[in-house]
Amino acid sequence: MNDMIHTLLAHRSIRKFTDDPIPDDHIEVATRAGQMASTSSAVQAYCAIRVTNPDSRRVIADLAGPQQKVADAPAFFVICGDARRHRLLCECAGQKYRQQLEGFLISVIDATLFAQNMVIAFESLGYGICYIGGIRNDLARVAEVLRLPIGVYPIFGLCVGKPAESPDERPRLPTPGVLFEDTYPTDEEVFAQIDAYDAAYAAYLAKRGASATGWSRAMVKKMDHASRLTLGPFYREQGADLD
Ligand SMILES: Cc1cc2nc3c(=O)[nH]c(=O)nc-3n(C[C@H](O)[C@H](O)[C@H](O)COP(=O)(O)O)c2cc1C
C-alpha cells in the first residue's frame with residue numbers, strides 16, 4: 001500500500017461540490033499529468049475543453065439529463081478524441097487523412113487514458129470528480145455549442161470540485177471475476193462470480209435508499225435495448241470513418 005494506491009482505492013464519483021474555485025495551477029498540473037499518460041505512437045489524439053461560459057454549461061447540463069452538477073461544478077470539461085491536428089498536418093503535406101476505425105478507436109483510447117490520469121491527479125489533490133456520459137444524449141448540440149470542427153469527437157464530460165458529500169464505496173465485481181489466467185473462464189465460473197457480487201451490490205443500493213436490485217438485473221435492464229442511436233451518424237459527420 002502507498003499513497004497512490006490509497007488514492008485509487010478511495011475513488012467515489014462525487015456529484016455535489018462546494019463552491020471553492022479550483023486554482024489554475026491545479027488545473028494545469030492535472031492536465032499535464034493527463035498528458036503524461038501513454039499514447040499510441042505519441043499521436044496524443046485528445047483534448048479537454050474547459051467550459052466556463054455559464055450559458056454553454058446550462059445547455060450541456062440540460063441535454064445531459066438534466067444533470068445539475070454539470071452547471072454547478074467548479075470546473076467542467078468535455079473530453080474529446082482529437083484528430084484535428086493530424087488532419088491539418090496531412091492536409092498541409094498535400095496528403096489525404098486516411099484513418100478508419102483504428103484511428104477513431106485510438107483517439108477514444110488516448111482521450112480516456114488522458115482523462116483518467118487527470119482524474120487521478122485531481123483526486124490526489126483532494127478534489128472529487130464525476131464523468132458525464134450524459135453528454136452523448138445530444139453530441140450534435142455539444143459540438144455546436146463548443147464549435148467543434150471536423151476531426152474532434154466529444155466522448156464524455158468531467159465535473160471536478162471539492163466534494164460536498166462522502167458517498168459509500170460502490171462495490172465492484174470480485175477481483176478474480178475480472179483477473180483471469182491464461183484462458184477465459186467457463187460460463188459457470190462467470191455466473192458464480194456474479195452471484196457473489198449481486199448480494200453485495202443489492203446491499204449497497206439498499207443502504208443508499210435505492211431499490212435493492214442486484215447487479216445482474218440492473219445490467220439486463222440496461223442492455224436489453226439499444227441506446228443513443230445517433231452516435232454512429234454523429235461521429236461519421238464529424239469525420240470519423242468507423243469501417
Ligand atoms: C464514461 C463514464 C460516464 C459516466 N457518466 C455519468 C453521468 O452521466 N452521470 C453520473 O452521475 N455518473 C456518471 N458516471 C459515473 C458512474 O456512474 C460511476 O463511475 C459508477 O457508478 C461507479 O461508481 P463510483 O465511480 O462512485 O465508484 C460515469 C462514469 C463513466 C466512467
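Contact, for this talk, means heavy atoms within 4.5 Å. With that in hand, take Thr7. Leaving aside its neighbours within four places in sequence, Thr7 is in contact with Ile120, Glu123 and Ser124. One caution before going on: this is a predicted model.

Stay with Thr7 for a moment. Thr7 belongs to helix α1, residues 3-9. Buried or exposed? The relative accessible area of Thr7 is 18%. The cut-off for buried is under 20%, so Thr7 counts as buried.

Now the overall layout. The protein is divided into two parts: domain 1 covers 3-167, and domain 2 covers 175-220. How far apart do the C-alpha centres of domain 1 and domain 2 lie? The answer is 29 Å.

Next, the sheet. The sheet is open and has four strands. In what order do they run? The order is β1-β2-β4-β3, and the pairing is antiparallel. At the edges sit β1, residues 46-50, and β3; each of these pairs on one side only. From one strand to the next, the twist averages 25°.

A helix packs on this sheet. That is α2, residues 24-35. Helix α2 touches β1 and β2, the latter being residues 75-82. The direction of α2 makes about 165° with that of β1.

Ile132 has Gly157 in β4 as its bridge partner. Tyr131 stands opposite Leu158, also in β4.

On to the ligand. In His11, an N or O atom of the side chain is 2.6 Å from an oxygen atom of the ligand. For the side chain of Ser13, the distance from an N or O atom to a ligand oxygen is 2.6 Å. The backbone takes part too. A polar backbone atom of Tyr131 lies 3.2 Å from a nitrogen atom of the ligand. Recall that Tyr131 is the residue opposite Leu158 in β4.

Last topic: backbone geometry. Most residues other than glycine have a negative phi, and most peptide bonds are trans.

Start with the peptide bond. Gly65 and Pro66 are joined by a cis peptide bond, with omega at about 15°. Where is Pro66? Pro66 sits in the loop between α3, residues 54-63, and α4, residues 68-72.

Then Ala42. Phi of Ala42 is near 60°, a positive value in a residue other than glycine. Ala42 is in the loop between α2 and β1. With 48% relative accessibility, Ala42 counts as partly exposed.

Finally, Arg228. Arg228 is not a glycine, yet its phi is positive, at about 50°. The loop that holds Arg228 runs between α9, residues 215-223, and α10, residues 231-237. Arg228 has a relative accessible area of 32% and is therefore partly exposed.

Definitions and conventions: Residues numbered from 1 in each chain as written. Predicted model: local features only at pLDDT ≥ 70, side-chain atom pairs only at ≥ 80, totals over all residues. Heavy atoms only, no water. Domains from an automatic or database assignment. Pairing = 2+ DSSP bridges. Helix = DSSP H or I, 4+ residues; strand = E, 2+ residues; numbered from the N terminus. Axes fitted to C-alpha atoms, helices over the stretch in contact; angles between N-to-C directions. Polar contact = N/O pair within 3.5 Å; in protein donor to acceptor, adjacent residues only side chain to side chain. Buried < 20%, exposed > 50% of the residue type's maximum accessible area, 1.4 Å probe, protein only.
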